[in-house]
Amino acid sequence: MDCGRVRTLVHRYCAGEENWVDSRTIYVGHREPPPGAEAYIPQRHPDNRIVSSKYTFWNFIPKNLFEQFRRIANFYFLIIFLVQLIIDTPTSPVTSGLPLFFVITVTAIKQGYEDWLRHKADNAMNQCPVHFIQHGKLVRKQSRKLRVGDIVMVKEDETFPCDLIFLSSSRGDGTCHVTTASLDGESSHKTHYAVQDTKGFHTEEDIDGLHATIECEQPQPDLYKFVGRINVYSDRSDPVVRPLGSENLLLRGATLKNTEKVFGVAIYTGMETKMALNYQSKSQKRSAVEKSMNVFLIVYLCILISKALINTVLKYVWQSEPFRDEPWYNQKTESERQRNLLLRALTDFLAFMVLFNYIIPVSMYVTVEMQKFLGSYFITWDEEMFDEDTGEGPLVNTSDLNEELGQVEYIFTDKTGTLTENNMEFKECCIEGHVYVPHAVCNGQVLPGAAGIDMIDSSPGPGAREREELFFRALCLCHTIQVKDDDDVDGPRKSPDGGKSCVYISSSPDEVALVEGVQRLGFTYLRLKDGYMEILNRENGVERFELLEILSFDSVRRRMSVIVKSITGEIYLFCKGADSSIFPRVIEGKVDQIRARVERNAVEGLRTLCVAYKRLAPEDYEGICTLLQAAKVALQDREKKLAEAYEQIEKDLILLGATAVEDRLQEKAADTIEALQKAGIKVWVLTGDKMETAAATCYACRLFRRGTQLLELTTKRLEEQSLHDVLFELSKTVLRHSGSLTRDNFSGLSADLQDFGLIIDGAALSLVMKPREDGSGGNYRELFLEICRNCSAVLCCRMAPLQKAQIVKLIKLSKEHPITLAIGDGANDVSMILEAHVGIGVIGKEGRQAARNSDYAVPKFKHLKKMLLVHGHFYYIRISELVQYFFYKNVCFIFPQFLYQFFCGFSQQTLYDTAYLTLYNISFTSLPILLYSLMEQHVSIDTLRREPSLYRDIAKNALLRWRVFIYWTLLGVFDALVFFFGAYFMFENTTVTSNGQIFGNWTFGTLVFTVMVFTVTLKLALDTHYWTWINHFVIWGSLLFYVIFSLLWGGIIWPFLSYQRMYYVFIQMLSSGPAWLVIILLVTVSLLPDVLKKVLCRQLWPSATERIQTKSQCLSVEQSTIFMLSQTSSSLSF
């Protein structure tokens, strides 16, 4: 009792019970347990308010500012701004403050608006009405006022207001149907089960009289896992203990269907519900471009510090002579003479830092964010990536990785539902060596041209008749299918036997295919009612089996079982699963014949399952019940204990037969893989299927070709040789044919090299990844990676979900650090999707868990081709130009300022006016590059689709390598030298205006600035290949805006300015003929080297992209010439 008080006090004052207590106790209806049952410990839990918003009215400004200044660039400019305020600097604080204020304000408005929308959605959700039971009556109150322990009533088509334990329903069997579309996107109806001892409570009075406590785990975000138990108190002294699992849990956000009403007790409320816990964002992924951008920023920061340091040193060297340090017209005060030298040097250094700080482009971050955000809409707007069959289009869950789509080197793809349709068709079954082929049934639709049952082999003898019917009964009973009657669906679908109209629904398409297939063979599953499964046999007699236990399927066991009891009292365990998990547990049956048939079907690409059974004596079943009950009510390690129990139960089986189901290849899957391989991308298939089935699919989708030499690293081979020997043998094979390790890592289609394909299974991978006994665990991994690099394709079969992520991580962290992409459609693919640099979910039939956890989602695998080869290519080209261009134009901007210090005695005099310093990056040069980064198409979309090899031109971050970065920087330095010294030599001749005035320093700076704005804008115009009216408007409009602004800024006396040093300067400059000549001449000279470099490179060392561009230009010229000639000839003939 004292311990309970301590726990309560700690929880109350520290509010951290979840951190150290792994379970919670809930008192149903807030009723204390009977005296002497257990100690009553009141617990505090959050109310039912959902808060998805980030800010409140009071903390928005401080919290938003704190988050924004965590970015290095923003923080850097804040420091510069503060320095300008504190010390006497050459530029006004406005020049740094205004751009920073603009960036911070725009970002804050965007984030504030998004958060306001979240507040609206939260209020709507928190204020919706909920019915709950109080003192035996139904009471209505707002959702936010619900508390843990309240008993809630939910009606049909309503959503559950919090996470509830299902107590009872209006259905007699204590079940209800639920859809979880808003949670995981699955629209299928899932069946949930009420607690056995409370399912008979149908009225408010009955429910209110319930005495029970629930012990369950603390909140955690896994939607498909729940561990708990309920203690129901009655007149007896000992409570009845029942296990609670995910089948008893109704999740917030799910919707009640086909059930009039249900009662449930709230166990998780508000931000502790599983839906709310899933709001938490995934770990942030950063693209290669962003990493390059940060490295370049550091380089420019070093350049900035170097410039400031050089100028500071040279200033004191220059001022070492007295007449320079203190000229007669500018005598120092006594306090200035006595000022500490180090303090003066530091102040000068900071002043130079402020003067040159514009080399770091603060507006680049905003432009990049806008480019990514706006650019992501091009994927969602792409009508070619819309799938009319499903009514789904592509989704963009994050826009931070757009350009990464253009850098992919490895693709890891799931097979079922990704490469294949996940649309199962029952093909055949094999029972003790006899093969049965029903006419094809697919999703309840009988395919035309099919009649009767085709018995390929001779019919079994009378002795085998019993086994045959037992096999069909096993398929009818061993599943988790729901049956929906014709009044539950839109438009009745007749069952193939022409009897009762029904639709089978399951989370697994395989189960539906098997039950529909066996229906063609004479056995029909009817329904589950009151704990009894009903089937219709060949004689149209209804057989009833009591469902005693379900041993659910999981991806580790790769099998499921049911225990049923017939009307005659016989107890059976029916088990179905993968051959690798069934054969080792079989002690009887025609194993060799069935194994041969399974292997034959697998080679043909069919999905196979084996079926086995055993009879249970009543005492055996009692032992099983005790074993399962102990595991089910455990709160600690329940899954592990259940797995151990299943392992003991599912043994000594008798093999009945096997089934074969076809999963057709998705439309254009083969074309997509072929195009991706031509683009230099290596494709790996990671699947849980058996090797033969997966290999057949790989041949069908052209991952493997006829000439491909398959290398096996499988458990079967490792039984004959050691892992060490197999790896070295494979390594010798690939290196002998490729000659050396210089094989192109991208190319899997080289004609002059032997094509290799590697097949590895999960068990062999575990051995490769396992550290060696001598502690040199990395050696096998490196050898394995070396083999993989020399293979054009790799197939990994029998993979567990975590092994898929392990493979992705292994490649991702290899010495080349390639960019990886993972694509899948099911929950078992989520781990690899989260692990890869880019995760893509296929919006498939296995729910939307993959799509929800991915960075992007597509309706079909074929859409990956356009997403990478077109959208990814464009995104990378655009953003790489944006980043390089920003650095280039800022070098052009600041380097003349650096040169100017050599001509002004290092006095920190600015070359440009304050308005020009402030607006250069914000207004004069920002819009053209933003439009370019959104709309540029250096080659046409059709060309990129037709020529996948163009993808190689941009591989490995080709446009942001050091060589390219240095070229852009040197080009900026060259242009800056031309601007500055071109204008300087013109002024050296003491050019005068018509009225005899001499140009001053502000005219000189304005001339340099004018040449610079025109040069950097025209440079972008020369780089533009895809011209639209928007490009024309923005580029020429920006230049026009600069001219108009300069005329107004210097042509009007502005009352809010205390002094106006630019008055009449721009107009005076334009009134001079030599100034016009210099502007035109310097702009031409500045652009000339870049034009010459492009012409020479195109002629002498053209890339594949440039060859395509030249070819398309020649073709367009040829077509226009032909058109003109045809027009001329027609006019002449006329």
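Helix 2 passes helix 4 in a right-handed crossing (the near helix is turned clockwise from the far one by less than a right angle). The model is predicted, with local features needing pLDDT of at least 70 and side-chain atom pairs counting only at pLDDT 80 or more. Residues are numbered from 1 along each chain, and side-chain values use heavy atoms, without hydrogens or water.

On the helix 2 side, the contact (heavy atoms within 4.5 Å) is made by Phe-60, Asn-64, Leu-65 and Gln-68. Helix 4 contributes Val-103, Ile-104, Thr-107, Ala-108, Gln-111 and Gly-112. Helix 4 also packs with helix 30, again in a right-handed crossing. Here the contact joins Val-94, Thr-95, Leu-98, Pro-99 and Phe-102 of helix 4 to Thr-914, Leu-917, Thr-918 and Ile-922 of helix 30.

| Helix pair | Angle | Axis distance |
|---|---|---|
| Helix 2 (60–68) and helix 4 (93–126) | about 120 degrees | 11 Å |
| Helix 4 and helix 30 (914–924) | about 25 degrees | 9 Å |

Helix 4 and helix 30 are therefore roughly parallel (under 35 degrees).

Helix 37 covers residues 1073–1100; at 1.5 Å a residue its 28 residues should span 40 Å, and the end C-alpha atoms are 40 Å apart, which agrees. This helix bends by about 35 degrees at Leu-1088, with Pro-1089 following within four residues; the bend is the angle between axes fitted to the seven residues ending there and the seven starting there. Its buried residues (under 20% relative accessible area, 1.4 Å probe, protein chains only) include Ala-1075, Val-1078, Leu-1082 and Asp-1090. Their cover includes helix 33 (962–988), helix 34 (1001–1023) and helix 36 (1065–1070).

Note on methods
Helices (H or I, at least four residues) and strands (E, at least two) are DSSP runs, numbered from the N terminus. The expected span of a helix is 1.5 Å times one less than its number of residues. Buried means under 20% relative accessible area, exposed over 50%, partly exposed in between (1.4 Å probe, protein chains only). Axes are lines fitted to C-alpha atoms, for helices over the stretch in contact, and angles run from 0 to 180 degrees between N-to-C directions. Angles under 35 degrees count as roughly parallel, over 145 as roughly antiparallel, 65 to 115 as roughly perpendicular and the rest as oblique.
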